[in-house]
Amino acid sequence: MKMSEALKGGAAALVLAAAACGGTAADKPAASAVQIELPEITVTDAELEGNPFRADWTGPYGVPPFADIRNEHFRPAILKGILESRAEIQTLVDNTEEPTFENTILALERSGASLNKVMGVFGNLSSTDTNEAIQALEGEVYPMLTRERDAVTFNPVLFARVKAVLEAGDRLGLDEQDARLLELTHRNFVRAGAALAPDVQAEVATINEELSSLTTQYGQNLLTETKAFKLEVSDPARLGGLSEDFRNALDSDGNNTWVIGLDRSVYEGFMTSAEDRDLRKQLFDGYRLRADSGEFDNGALAIKIAQLRARRAELMGYKSHAHHVLENRMAKTPEAALGFLARVLEPGLARAAEEKADMEKLAGFPIEGHDWWHFSEKVRADRYAFDENQLRPYFELGRARDGAFEVAERLFNITLERVDVAGWHPSVEAYDVKDNATDEHLGLFMIDIFSRESKRGGAWMSGYRDSSAMDGRVIRPLITNNMNMVAPASGQPALMSFTEVETLFHEFGHGLHGLLTTIRYPSFAGTYGGPDYVEFPAQVLEHWASEPQVLAEYARHNVTGEVIPQALIDKMNNAATFNQGFKTTEYIAASLIDLHWHMLSSEEAAKITDARAFELDVLKKYNIPEVIEPRYRTTYFSHIFDGGYSAGYYAYLWAEILDADGFDAFKQSGDIYNPELSAKLKKWVYESGGLRETDELYRNFRGSDPGIEPLLRNRGFAAKPPAEG
Ligand SMILES: [Zn+2]
């Protein structure tokens with residue numbers, strides 16, 4: 001399971017967000033309608049002089065002229081973009097002609113082009129190559145865009161026009177993509193509250209604003225508390241178990257004081273290796289009790305956020321926030337998501353109990369939460385005699401990348417060819433992606449593999465430019481992948497762990513979802529879909545990475561060229577299901593906390609006074625043993641209280657149903673490149689964006705709904721099927 005996101009840095013997400021109504025109360029007849037006060041914005045021609053965002057990008061593939069873009073270009077270009085979006089929306093609202101698909105739905109889809117152009121670059125650079133000026137501007141820009149979006153959503157004239165077109169829908173003779181655009185445009189308005197009575201809209205708008213500030217505060221508290229925690233060790237005898245590299249990294253000043261912070265990679269490394277049980281306990285508590293009390297207490301904020309979300313859902317006519325969020329997701333209801341989690345949890349808990357017993361046999365005493373990482377590693381070394389580092393010489397970055405490309409070339413009949421195009425950083429590589437059948441250019445793929453100070457952690461896919469085909473103009477996407485591999489010393493090969501290889505395949509899977517799209521409209525082209533679906537095209541590609549047939553192509557020793565020995569692959573595969581009881585339980589525990597916070601009715605939420613007690617009740621209800629710490633707790637669960645995953649953290653596991661079941665189809669056919677299956681996978685998953693509801697897209701590929709058995713098998717929770725010939 002990967003925690004990386006398919007970030008949509010590009011335009012589509014902003015098409016609605018960006019557009020805005022510039023109308024004032026005096027202009028509009030709908031006196032009772034909610035007015036979202038929009039600030040007056042001024043930007044002069046002089047401020048835009050020589051601004052690269054105001055020019056056509058005529059270089060190869062229309063790539064942004066990165067070398068010419070400076071920090072001071074962003075703000076005026078964004079402000080001008082907002083003004084132009086407002087004007088476009090105003091024209092639409094002022095139109096006295098009968099609403100048509102062309103003058104309303106298409107006009108909305110087209111709006112915001114100049115804003116999207118600058119935001120595509122701004123959003124991406126803020127993740128991949130940020131600086132103080134960009135960070136400061138983020139705090140100003142995003143709340144501004146939220147307000148602009150609300151002004152569009154709650155504009156009654158605009159919504160009336162959209163509704164009129166929808167009602168005429170069947171008589172318009174629209175083709176499938178046009179009809180879907182109409183349907184989704186209307187649905188997005190309604191789901192954001194456009195159909196509510198004006199006084200209800202007023203309350204929703206107030207809640208939106210309040211939530212925006214509370215969630216920001218939650219994130220800032222967490223950052224403060226995370227940075228504040230430091231475990232200082234001055235006695236080197238207490239660092240037993242840590243490698244020399246790791247120890248050196250903890251003593252960056254070289255003054256023999258070792259400082260252990262709450263960075264996830266440091267946390268995991270220390271909890272796994274450190275022999276000192278008391279230090280492990282201190283770090284464990286430091287990690288899980290962050291923002292738990294005192295000045296930066298996130299518990300009270302979480303309650304308030306849950307209450308406001310419940311109230312907003314009630315205003316919108318839903319039982320709970322989770323019911324509202326999941327309505328268009330694959331799971332459809334929180335009850336279905338809960339049922340699924342419970343089904344995987346059961347064998348997970350049973351396996352975790354076995355794992356605990358194994359560790360206690362080795363340790364000779366009862367295991368506690370701060371012991372699990374440490375003793376599970378000891379059991380692993382004991383049982384599998386396998387160290388992931390043995391694999392590294394066989395996973396050289398260039399070969400692994402080519403291996404992933406070759407899988408895609410064979411599955412989808414495409415070619416990726418290296419081209420010389422300047423990116424945002426000298427280490428960025430660019431590839432022209434072509435369809436072999438038609439020789440058509442599909443898009444430009446740019447990859448940025450190595451970590452640096454200016455890049456945020458993790459791995460992700462995004463786009464600088466979405467694909468579209470409107471008004472006779474075909475624009476193909478500019479898609480990127482980012483990773484955070486440590487760059488090798490000069491002249492040395494970049495050797496990867498197998499986890500990094502899987503991440504590379506995963507992000508490339510998201511990339512293909514963006515590149516292969518045949519959807520004309522940015523608002524549902526490419527990686528469209530809720531998280532419980534959109535992780536599928538990424539996660540499914542990971543399966544090819546460990547197939548012997550594929551490994552034989554790319555996993556070669558970086559010095560001798562020898563193909564990875566089968567014995568090593570076997571060891572790797574045998575160890576793959578190790579500790580899955582723990583991993584499954586810690587993940588599902590966090591997912592349950594998320595769903596239960598967001599399944600509260602407004603009335604129930606109002607009664608909650610103690611966040612920790614609420615959370616403990618949930619864990620108890622599902623028999624989560626105390627020794628297994630949930631992956632996240634309420635006070636440091638950014639995904640759901642300061643990110644886009646509220647009521648959606650279950651999605652990674654849900655998407656695993658699809659990738660396990662989907663890849664199983666290839667395995668059962670006896671050909672991992674089965675032409676019939678790969679053609680369907682290409683057409684219905686990678687090309688179709690949000691053309692149909694996601695469960696239908698999946699069925700069209702697979703021929704049936706997904707079954708859960710392949711997932712259970714992959715996690716080692718069910719008997720393996722008979723070996724294939
Ligand atoms: Zn992903």
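Me: What makes E4 mostly covered?
Reply: Keep in mind that this is a predicted model. In E4, six of the seven residues are buried, and a residue gets that label when its relative accessible area is under 20%.

Me: How do you know that E4 and E5 pair up, and which way do they run?
Reply: Two strands pair if there are at least two bridges between them. Strand E4 (residues 429-435) and E5 have six bridges, so by that cut-off they count as paired, and they run antiparallel. To see it on screen, find Glu429, whose bridge partner in E5 is Ile447. Another spot to check is Lys434, standing opposite His441 in E5.

Me: What lies between E4 and E5?
Reply: Five residues, and the two strands form a hairpin. Look in the turn for Asp439, which has a positive phi of about 65°.

Me: Which other strand is joined to E4, and how many bridges are there?
Reply: That's strand E3 (residues 414-419), joined to E4 by six bridges and running antiparallel. Val419 stands opposite Ala430 in E4.

Me: And E5, which strand does it run parallel to?
Reply: Strand E9 (residues 478-485), again with six bridges. Asp448 has Asn482 in E9 as its bridge partner. E5 itself (residues 441-450) is mostly covered, with nine of its ten residues buried.

Me: Over to the metal. What makes His506, His510 and Glu535 donors of the zinc ion?
Reply: Distance! A donor atom has to be within 2.8 Å of this metal. The NE2 atoms of His506 and His510 and the OE of Glu535 lie 2.1 Å from the zinc ion, so they pass. Along the chain, the donors follow the spacing H-x3-H-x24-E.

Me: Why are His506 and His510 separated by about one helical turn?
Reply: Because they are four residues apart in helix H18 (residues 498-515).

Me: Where does Glu535 lie?
Reply: In the loop between helix H19 (531-534) and helix H20 (536-545).

Me: What makes the link between Glu535 and His506 a polar contact?
Reply: Their side chains come to 3.2 Å, and the limit for a pair of N or O atoms is 3.5 Å.

Me: Now the rings. Why is the pair Tyr384 and Phe578 called edge-to-face?
Reply: By the ring rule, the count comes to 41 aromatic pairs. In this one, the ring centres are 5.7 Å apart and the planes sit at 70°.

Me: Last one: which charged ends sit over rings, and how far from the centre?
Reply: Lys117 has its charged end over the ring of Trp57, 4.6 Å from the centre. For Arg410 over the ring of Tyr673, the distance is 4.0 Å.

Note on methods: Residues are numbered from 1 along each chain as its sequence is written. This is a predicted model: local features need pLDDT of at least 70, side-chain atom pairs count only at pLDDT 80 or more; totals for chains, interfaces and linings use all residues. Side-chain values use heavy atoms; hydrogens and water are left out. Rings of Phe, Tyr and Trp (its six-membered ring) pair if their centres lie within 6.5 Å; planes under 30 degrees apart count as stacked, over 60 as edge-to-face and the rest as tilted. A charge sits over a ring if NZ of Lys or CZ of Arg is within 6 Å of the ring centre and within 35 degrees of the ring normal. Donors are N, O and S atoms within 2.8 Å of the metal (3.2 Å for Na, K and Ca); water is not among the atoms, so sites may look incomplete. Buried means under 20% relative accessible area, exposed over 50%, partly exposed in between (1.4 Å probe, protein chains only). A polar contact is a pair of N or O atoms within 3.5 Å; within protein, one must be able to donate a hydrogen and the other to accept it, and residues adjacent in sequence count only if both atoms are side-chain atoms.
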